[in-house]
Each structure stands twice: as structure tokens, then as C-alpha cells.
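Try each task before reading its solution.

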Amino acid sequence: MADKPKVFVTRNLPDAGLKLIKEHCDAEIWPDPLPPPYEVLCEKVSDCAGLVSLLTDRVDEALMQRSPKLKVISNFAVGFNNIDIAAATRLGIAVGNTPGVLTDATADMAFCLLIAAARRLVEGHAYTLAGKWKTWEPLGHLGQDLVGRTVGVIGMGRIGYAFAKRCHAGWDMKVLYYDLHKNEKAEQDLGARQVDLDTLLRESDFVSLHTDLNEQTRGMIGAAEFKKMKNTAVLINSARGPLVKQKDLYEALKNGDIFAAGLDVTDPEPPEMDDPLLTLPNVIIAPHIASATVGTRNAMAEICAKNLIAGLKGEKLPAWVNPEVEANRRR
Ligand code: DGY
């Protein structure tokens with residue numbers, strides 16, 4: 001029997017994927033809970049045919065240049081801003097990701113952050129634990145109403161749609177969206193209206209980010225954008241931290257330019273412990289857990305393994321980020 005292809009897996013993954021990987025590959029699995037340092041990663045991948053990476057691993061052109069046998073990079077995430085896709089394509093390396101299976105879990109988390117931030121849930125919990133709850137307070141802990149309000153979705157893709165659907169079907173919200181592409185389904189099913197970013201910021205009670213991180217979207221929400229938002233607005237970010245200028249978010253929350261924020265992502269991750277954002281009562285920060293359900297992570301692991309194996313065999317990847325690589329694929 002031919003030798004199994006050598007692959008490096010940058011973290012321990014759910015068995016649903018790991019079993020498949022071990023069956024088909026000679027796999028080295030990085031055992032630590034923290035990512036391998038960049039230099040170690042480069043060294044480990046240098047004689048591999050496959051790499052399973054996480055969003056915390058920088059997979060750049062230099063790493064790829066140092067890995068002449070590398071045929072496939074399978075990212076354990078739907079986002080792939082950690083990988084230089086243009087370089088991978090130029091060098092003939094197929095790249096896979098895990099779309100679809102995490103849509104509902106991520107939309108759920110975005111909505112969970114919306115309710116929790118709008119209703120000041122975490123602040124209330126801290127208040128209780130601190131022994132400050134003395135009586136029922138007619139004027140205490142006032143948050144924002146949800147029903148019938150307007151939600152602005154930035155990036156009406158799969159996750160944006162699933163989030164908007166929750167807001168519209170469950171809470172009767174009007175849906176605005178900002179996207180380069182028209183989403184007919186969102187318009188038909190949810191009565192969503194495509195608007196420019198300024199209109200969305202001005203008219204929305206809740207603004208939720210669901211767009212890719214790239215050079216066009218990096219820092220797209222900063223001081224100028226916060227000034228356009230309602231001072232009762234809530235910002236939700238379950239996409240990527242660098243979409244938002246974090247210092248500007250701090251100022252906006254502190255000065256009351258917006259009411260609150262719910263974040264599943266920050267810049268950097270984790271945030272520095274002396275980041276002043278962490279001192280504010282009107283921000284909730286979760287440690288990038290939107291896809292963290294048992295079922296979702298198992299499904300991600302399975303797609304990830306299938307992408308890896310297909311890439312090693314030179315076959316079509318089930319979820320292929322750069323199918324255009326086919327013409328000059330490394331064999
Ligand atoms: C992704 O997949 O891109 C999420 O951020 C983590 O599941």
C-alpha cells in the first residue's frame with residue numbers, strides 16, 4: 001500500500017473529522033491548546049502535502065513557498081482571512097473552508113448578543129453577584145425594546161440572512177441591508193431593503209456585521225460611522241474583529257454615541273487585558289464562540305477532513321475557496 005500523505009493539523013479537532021484524517025493521512029496533530037508559533041508552523045508544514053489550519057494560524061505566501069509539496073490547505077472555519085488565497089492560487093494550492101454548517105449557530109449567537117446587550121443582561125448578572133440588588137427598581141436597568149424595530153445587516157450572505165430571519169420572523173423587525181450584491185431571497189422572504197451604508201447606520205436600531213474581512217472592509221466601522229448611528233443603537237459583531245476600529249468603539253460606547261455593543265470577535269483576539277473596552281458596562285464580549293456547538297463543530301470537522309482528503313487526491317473539494325486553481329494545481 002502506498003504511503004499515506006503527510007499532513008499537519010494545527011489543533012486537536014472533533015473526532016468526526018480527526019478519525020477521517022487519521023484514516024487517510026500520516027497526520028501530526030499539534031497537541032497544545034494554543035496555536036503553534038508561526039516559525040514552528042512553517043517548519044512543520046515544510047514537508048507536508050496537506051495542512052489543516054485554524055483562523056488563528058497565519059498561512060502566508062512565505063509559508064507556502066517553504067512547503068514545495070503542499071497541495072491543499074483546509075481551514076477549519078468558514079472565514080479564510082488568515083490565508084493568502086491569491087498566493088495559494090498562484091502556487092497551485094487548493095484551499096477549502098467550512099461554509100453552511102455554522103450558519104445557524106452563528107446567527108443564534110448574533111441574536112443572543114443582540115438581546116443580551118439591548119437588555120443589559122450581563123450588567124444585571126454582575127449587579128446581582130455584587131450584592132447590589134436591593135429591590136425592584138422602576139427606573140433601573142432600562143434597556144431597548146426589540147419588537148418592531150429596525151435591524152441593519154451588513155453583509156447579507158448566508159449568516160446575515162439567517163440572523164435577519166430571526167429578527168424579522170420572531171421579533172417583527174424591519175430589515176435593511178448593505179451588501180455589494182442584491183439578495184433577492186432576503187427581499188422576498190423578509191421584505192429586506194438594500195440601502196447604502198449611511199442610510200443603514202442612520203435608520204437602524206440594531207446594526208449587525210456579517211461580512212468578510214478584506215482590505216475593503218477592514219475598519220469599515222469607526223468614529224465617523226458611530227456618529228451616524230442612533231444613540232440608542234446596539235452594534236453586534238460576530239464576524240471579524242478588525243471590521244470595527246476598536247478604539248473608536250470604546251469612545252462611542254463611553255460617550256453614549258451608541259447604547260451598547262455585543263461582540264463575539266475583537267481586535268486583537270483575545271483583547272489585551274488593559275484594553276479600556278473591558279472596563280465598560282455596556283459591552284458584552286464573548287471569546288469567539290459563535291460556532292461552538294457540539295453539532296456544528298462536528299460538522300465543521302467533517303467538511304474540513306473531506307476538503308483535505310479531496311485536495312490530497314487532486315479531486316474537487318466539497319467546499320472550495322479557490323476552484324480557479326484547478327488549471328495549475330500541484331499534483
Ligand atoms: C469561522 O468559521 O469563520 C468562525 O469565525 C469560527 O467558526
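## Exercise 1: the second largest pocket

The residues lining the second largest pocket fall into 4 nonpolar, 6 polar and 6 charged. Here Ala, Val, Leu, Ile, Met, Phe, Trp, Tyr, Cys and Pro count as nonpolar, Asp, Glu, Lys and Arg as charged, and the others, Gly among them, as polar. Bear in mind that this is a predicted model: local features need pLDDT of at least 70, side-chain atom pairs count only at pLDDT 80 or more, and totals for chains, interfaces and linings use all residues. Residues are numbered from 1 along each chain as its sequence is written, and side-chain values use heavy atoms, with hydrogens and water left out.

**Task.** Work out where the second largest pocket lies relative to domain 1 and domain 2.

**Solution.** 
1. Start with the domains: the chain splits into domain 1 (6-101 + 294-328) and domain 2 (103-285), with bounds from an automatic or database domain assignment.
2. Look at the lining: there are 16 residues, with Leu-55, Thr-56, Asn-81, Arg-240 and Pro-242 nearest the pocket's centre. (On a 1 Å grid over the protein atoms alone, a pocket is an open set with protein on both sides within 12 Å along at least five of seven lines, and lining residues have an atom within 4 Å of a point.)

## Exercise 2: the ligand

**Solution.** 
1. List the neighbours, with a heavy atom within 4 Å: Leu-55, Ala-77, Val-78, Gly-79, Leu-102, Arg-240, His-288, Ser-291 and Met-300.
2. Check the backbone: an N or O atom of Val-78 sits 2.7 Å from a ligand oxygen, and a polar backbone atom of Gly-79 is 2.9 Å from a ligand oxygen.
3. Now the side chains: an N or O atom of Arg-240 lies 2.7 Å from an oxygen of the ligand.
4. Sort that shell by class, and you get 5 nonpolar, 3 polar and 1 charged residues.

## Exercise 3: between the domains

**Task.** Find how many residues of each domain are in contact (heavy atoms within 4.5 Å).

**Solution.** 
1. Taken over C-alpha atoms, the domain centres are 31 Å apart.
2. Count the contacts: 8 residues of domain 1 touch 5 residues of domain 2.

Definitions and conventions. Polar contact = N/O pair within 3.5 Å; in protein donor to acceptor, adjacent residues only side chain to side chain. 1 Å grid on protein atoms, 1.4 Å probe; cavity = no way out; pocket = protein on both sides within 12 Å on 5 of 7 lines; lining within 4 Å.
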